[in-house]
Each structure stands twice: as C-alpha cells, then as structure tokens.
Amino acid sequence: MAVPKRKTSRSNTRHRRAQWKATTPQLVAITVDGSVYQVPQRLVRAYGRGLLRPED
C-alpha cells in the first residue's frame with residue numbers, strides 16, 4: 001500500500017477538496033399516463049416499470 005512520505009498541510013488538503021463540484025442530474029422527458037415529466041436519466045427505467053410515481 002502506498003504511504004505518503006510527509007504530511008499534507010491543512011491548506012493544501014482543503015484547496016484540493018474545494019475543486020470537486022457536484023453536477024446537476026441530466027433530465028429526460030418521459031410520458032406517464034399521458035403527462036410529460038422531467039426526471040433524472042438514471043431513474044427513467046424505474047418510472048417505466050412503475051417502481052416510482054411522478055409527483056404532481
């Protein structure tokens with residue numbers, strides 16, 4: 001297992017962590033019971049199978 005040779009300073013650690021950013025989910029239009037809904041792409045299959053119901 002790799003072991004760091006020296007301790008990373010708190011400033012460098014926080015600076016590195018600050019570069020990670022969350023992205024918004026890609027929305028896809030689906031039709032459920034004649035109504036069109038925008039849902040995240042990863043949940044389209046669940047809506048199609050009826051495991052999730054869109055909220056009005």
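Visitor: Which strand is S35 found in?
Guide: This is a predicted model, where local features need pLDDT of at least 70, side-chain atom pairs count only at pLDDT 80 or more, and totals for chains, interfaces and linings use all residues. Residues are numbered from 1 along each chain as its sequence is written, and side-chain values use heavy atoms, leaving out hydrogens and water. Strands here are DSSP runs of E with at least two residues, helices are runs of H or I with at least four, and both are numbered from the N terminus. By that numbering, S35 sits in strand β2.

Visitor: Is S35 buried, partly exposed or exposed?
Guide: Buried means under 20% relative accessible area, exposed means over 50%, and partly exposed is in between (1.4 Å probe, protein chains only). S35 has 30% relative accessibility, so the word for S35 is partly exposed.

Visitor: What separates the C-alpha atoms of S35 and S9?
Guide: Along the chain, these two are 26 residues apart.

Visitor: Where is D33, and is D33 buried or exposed?
Guide: Look at the loop between β1 and β2, and you'll find D33 there. Its relative accessibility is 80%, so D33 counts as exposed.

Visitor: What is phi of D33 near?
Guide: Most residues other than glycine have a negative phi. D33 isn't glycine, yet its phi is positive, near 55°.

Visitor: Which helix does R10 lie in, and what is its relative accessible area?
Guide: R10 belongs to residues 10–17, which form helix α1. R10 is exposed, with a relative accessible area of 62%.
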